[in-house]
Amino acid sequence: MALNFQQRSSVFLRRVLLVTFLVASLALVTLYSREGQDGPLHAIQSGVSGAVAPLKFVGAAANSGVNSAGESFGNLTADESTLSGLRESNAELRELLSQADEYKQEAQRLQQLLDLKDLYEIDGVGARVVGNPDEAWSQTVTIDKGTADGVETGLTVMGTSGVIGQVYSAAEHTAKVRLLTDPDSGAAARVESSRAEGVVRGSLEGLLYLENLDADAVVNPGDVVVTSGLGGSYAPGLIIGTVVKVDTRQGESTRRVVVSPNDTTGALEEVLVVFGVGADDDTDGNDGNEGGDAS
């Protein structure tokens, strides 16, 4: 009984205190609303706000730190969970960049062929190299154009900056090209500066030699060598390369000149098969006159 009485007394006391607190709060709110800015309740409010402001700042900073830590942890967790995906994305990006670089280089090579075609007024067809020689000593390649595209045996083939060989076999949709560097090749040629004529031949070591020159022909390192068109083996007036060395002195009966090709044949990808050159008729006529003078 004593315990029940104490519990009832405690409940009654709490109710009395609650009613008293509500009546006091209502009175204070009414007084606060009626007094001016200089009233005592407003003054007390200002003082209390100033006292607790540092505590609010500290609480806000702590809360911000907790939020930042939570976000960092969330990001760390996300990175770990998506690491495999990021690696795959990076690999795909690298592949795309590599492909873009390949396309850029291909576009540059094709533009060089177009520039060469315009420079010499060439009538011809572009082709891709689709096969390399089976034997290490053979200097031949296979292209993806054949008789169906107008490619025939004997036509001149150019790289991005000069003559690289001649078609020696043609099927309907493919053809084989013997490069100038092949030991079995031979192209009638002329030294552009002195008009001295000879034959450019390949060799087992991959060098080009200008042979069969007259003993008194003037040839110096740096001279440009072009096709002469004599014998009809190659289209005339197309650049082959540059003289880099003269083996013997002028006046000797046998002379051999080393020629550096104007275009590399080590990594051919696109070529131009020459059907004809814009100045064929005039060049052939000049060749005949010059040949007569030389003889």
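Author: Strand 6 (residues 187–191) and strand 7 run antiparallel, joined by four bridges. Strands here are DSSP E runs of at least two residues, helices are H or I runs of at least four, and both are numbered from the N terminus. Two strands count as paired if DSSP finds at least two bridges between them.

Reader: Before we go on, what are the ground rules for the model and the numbering?

Author: It is a predicted model, so local features need pLDDT of at least 70 and side-chain atom pairs count only at pLDDT 80 or more, while totals for chains, interfaces and linings use all residues. Residues are numbered from 1 along each chain as its sequence is written, and side-chain values use heavy atoms, with hydrogens and water left out.

Reader: Fine. Back to strand 7: which residue there is the bridge partner of alanine 188?

Author: Valine 199.

Reader: And what do the six strands 6-7-8-11-10-9 form?

Author: A closed barrel, with antiparallel pairing. Neighbouring strands of this sheet are turned by 40° against each other on average, direction ignored. The axes are lines fitted to C-alpha atoms, and angles run from 0 to 180 degrees between N-to-C directions.

Reader: Charges next. How many salt bridges in the whole structure?

Author: Five. The cut-off is a side-chain nitrogen of Lys or Arg within 4 Å of a carboxyl oxygen of Asp or Glu.

Reader: What does glutamate 270 pair with?

Author: Arginine 128, with the closest N and O atoms 3.3 Å apart.

Reader: Is glutamate 270 buried or exposed?

Author: Buried, because its relative accessibility is 6%. The scale: buried is under 20% relative accessible area, exposed is over 50%, and partly exposed is in between, with a 1.4 Å probe and protein chains only. Arginine 128 is partly exposed, at 38%.

Reader: Which strands hold arginine 201 and glutamate 211?

Author: First, the contact: their side chains meet in a salt bridge, 3.4 Å from N to O. Arginine 201 is in strand 7 (residues 197–201) and glutamate 211 in strand 8 (residues 208–211), ten residues apart. Arginine 201 is partly exposed, at 32% relative accessibility.

Reader: What about arginine 178?

Author: Its side chain meets that of aspartate 182 in a salt bridge, 3.7 Å from N to O. Aspartate 182 is buried at 3%, and arginine 178 is partly exposed at 24%. Arginine 178 also lies over the face of tyrosine 168, at 4.3 Å from the ring centre. That call needs NZ of Lys or CZ of Arg within 6 Å of the ring centre and within 35 degrees of the ring normal.

Reader: Last one: where is proline 236?

Author: In the loop between strand 9 (224–227) and strand 10 (239–246). Proline 236 counts as buried because its relative accessibility is 8%. Proline 236 and valine 277 are 41 residues apart in sequence and 7.7 Å apart in space, C-alpha to C-alpha.
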